[in-house]
Amino acid sequence: MSVGVAILGSTGSIGCSTLQVLARQRDRFRVIALTAHSNAELLARQAAEWQPAYVGLVNSGKGEGGRGKGPECLVEAATHPDVRIVVNGIVGAAGLEATLAALRAGKRVALANKETLVMAGELVTRAAREGGGEIIPVDSEHSAVLQCVAGRGPTELARLILTASGGPFRTWPRERIAAATVAEALRHPTWKMGKKITVDSATLVNKALEVIEAHFLFGLGYEAVEVVVHPQSVVHAFVEFVDGSVLAQVGFPTMELPILYALTHPARVPDAGTRRFDPVAAGSLTFEAVEAELYPAYGLGRAAATAGGTAPTVFNAANEIAVALFLEGGIPFGRIAQTIARVLDTSAPAEADTLEAVLAADTAARRLAREAACS
Ligand code: NAD
Ligand code: MG
């Protein structure tokens, strides 16, 4: 019997890569549900090819038989009875409710949508515990960690070192970075991804989000989650064990491998779709410390992580607003970090143990961010 899969955000970078993986694994998986935000044309083409039982378009669309519309379609797709695995490839906070619902319904969530683990880490991990669902990371660094720790108990794990490409501005002078254009920020050196995460990679906010993601996924304190800049993006993460031994997972950058592993974990299945690793072709691998002055938003994210409560929620919300404004041409690149700093400074700390508290912090931070960014 093949395993039923729902893909939330099927028209995005992660969604399209997931369908590419599934096209090579048709005997193991079948697509039960697809959802997208507004790209009705691509969604219709995907639906014609995969014939899922459920198709949902958040923004407009007609609610005919088997077709959902509005934000409710995400939860409907994620909790469909024939779905065992939900690939959450939605960008931003919009993916939260569907992740919570899927975990409460006991499903596996193959999670690319890291923003929701950052904004509501306690709630998401609790939903998994209480509902019997499991969170399997799609993010390449966290997939690397999961692959390295497979079979080891939490007490054997000492430290994680996540790698960061450093983004397009790693070698730029600081003054020039603050005035970088949208086109420059979207020119990622090693990965081809959606716009929001590409900007997050240029600010290194993406890595701060990933540090928080790692904390909630693997239960380590923040002092034990380190980051190193590795421009070639070949080593995805290092895992140090209590005896001092270090394992790493390596490969040419592609999301198809971590997506496939999230679907089959803990098993591995044959797949000939991705470029096989070749150390000679990979060439020299280099590692550098993160230069704090180049990436001010990274430090803000780490500080929010350590502060805990709703601080990560606020950090994520302020960043989502600032990045959206930057992509619209509304603010300069340097204003992203300034906006996040101001919002964190003016937000009152709170516990993040109820959905109401998290959503209130998220809403307030978005409002503050709009004010801070444009004043
Ligand atoms: P993308 O912009 O290419 O795609 C986003 C998808 O989410 C689209 O299908 C869109 O329809 C859907 N979406 C957007 N807003 C929505 C809303 N309000 N309601 C419902 N659906 C909505 O983004 P992406 O690069 O695929 O990234 C998706 C997530 O995966 C992000 O959280 C990102 O950080 C994470 N991620 C991506 C990559 C990558 O290689 N692209 C790697 C690691 C992690
Ligand atoms: Mg990543």
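Q: Which residue lies over the face of Trp50?
A: In this predicted model, Arg26 lies over the face of Trp50, at 4.2 Å from the ring centre.

Q: And what lies over the face of Phe252?
A: That place is taken by Arg275, at 3.7 Å from the ring centre.

Q: Staying with rings, how many aromatic pairs does a search of the whole structure find?
A: The search finds five aromatic pairs. One of them joins Phe169 and Phe333: the ring centres are 5.1 Å apart and the planes stand at 80°, so this pair is edge-to-face.

Q: Where do Phe169 and Phe333 sit in the chain?
A: Phe169 is in the loop between β8 (157–164) and α8 (174–178), while Phe333 is in the loop between α15 (311–327) and α16 (334–346). The pair therefore ties together parts that are 164 residues apart in sequence.

Q: Are Phe169 and Phe333 buried or exposed?
A: Both Phe169 and Phe333 are buried.

Q: What about the pair of Phe252 and Phe277, what is its geometry?
A: Phe252 and Phe277 form a tilted pair, with 5.3 Å centre to centre and 55° between the planes. This pair links distant parts of the chain, 25 residues apart. Phe252 lies in the loop between β11 (246–250) and α12 (256–264), and Phe277 lies in the loop between α12 and α13 (279–282).

Q: Is Phe252 buried or exposed?
A: Phe252 has a relative accessible area of 12%, which is under the 20% limit, so Phe252 counts as buried. Phe277, in turn, is partly exposed, with a relative accessible area of 36%.

Q: Which residues form one aromatic cluster?
A: The cluster consists of Phe169, Trp172, Phe326 and Phe333.

Q: Changing topic, how many cavities of 30 Å³ or more does the structure hold?
A: The structure holds one such cavity. The volume of the largest cavity is about 90 Å³.

Q: Which residues line the largest cavity?
A: Its lining is made of Ser140, Ser143, Gln147, His236, Gln249, Val250, Gly251, Phe252, Thr254, Leu257 and Pro258. At least two lining residues come from each of α7 (140–149), β11 and α12. The largest share, three residues, is that of α7.

Q: How does that lining divide by class?
A: The lining of the largest cavity has four nonpolar residues, seven polar residues and no charged residues.

Q: Now the second largest pocket: how much space lies in it?
A: About 290 Å³ of space lies in the second largest pocket. Its lining has 17 residues, and those nearest its centre are Leu257, Arg268, Asp271, Thr274 and Arg276.

Q: Which elements give two or more residues to the lining of the second largest pocket?
A: Those elements are β11 and α12. The largest share of the lining, four residues, belongs to α12.

Q: And which classes of residue make up the lining of the second largest pocket?
A: Eight residues of this lining are nonpolar, five are polar and four are charged.

Q: Which residues of helix α6 are buried?
A: In α6, residues 121–131, the buried residues are Gly121, Leu123, Val124, Thr125, Ala127 and Ala128. The elements that cover these residues include α4 (96–104), α5 (114–119), β7 (134–137), α11 (205–218) and α17 (355–374).

Q: What comes just after α6?
A: Just after α6, Gly132 takes a positive phi of about 80°.

Q: What is Asp353 in contact with, leaving aside its neighbours within four places in sequence?
A: With those neighbours set aside, Asp353 is in contact with Glu122, Leu123 and Arg126. Asp353 itself lies in the loop between α16 and α17 and is partly exposed, with a relative accessible area of 34%.

Q: How far apart in space are Asp353 and Gly309?
A: They are 7.9 Å apart, C-alpha to C-alpha, and 44 residues apart in sequence.

Q: Last one: where is the place of Thr339, and is Thr339 buried or exposed?
A: Thr339 is in helix α16 and counts as buried, at 1% relative accessibility. Apart from its neighbours within four places in sequence, Thr339 is in contact with Ala322, Ala369, Ala372 and Ala373.

Notes
Residues are numbered from 1 along each chain as its sequence is written. Chains are lettered from A and ligands numbered from 1 in the order in which they are written. This is a predicted model: local features need pLDDT of at least 70, side-chain atom pairs count only at pLDDT 80 or more; totals for chains, interfaces and linings use all residues. Side-chain values use heavy atoms; hydrogens and water are left out. Rings of Phe, Tyr and Trp (its six-membered ring) pair if their centres lie within 6.5 Å; planes under 30 degrees apart count as stacked, over 60 as edge-to-face and the rest as tilted. Buried means under 20% relative accessible area, exposed over 50%, partly exposed in between (1.4 Å probe, protein chains only). A charge sits over a ring if NZ of Lys or CZ of Arg is within 6 Å of the ring centre and within 35 degrees of the ring normal. On a 1 Å grid over the protein atoms alone, a cavity is a set of points where a 1.4 Å probe fits but cannot get out, and a pocket is an open set with protein on both sides within 12 Å along at least five of seven lines; lining residues have an atom within 4 Å of a point. Grid points are joined across faces, edges and corners, and a volume is the space filled by probe spheres set on the points. Ala, Val, Leu, Ile, Met, Phe, Trp, Tyr, Cys and Pro count as nonpolar, Asp, Glu, Lys and Arg as charged, and the others, Gly among them, as polar. Contact means heavy atoms within 4.5 Å.
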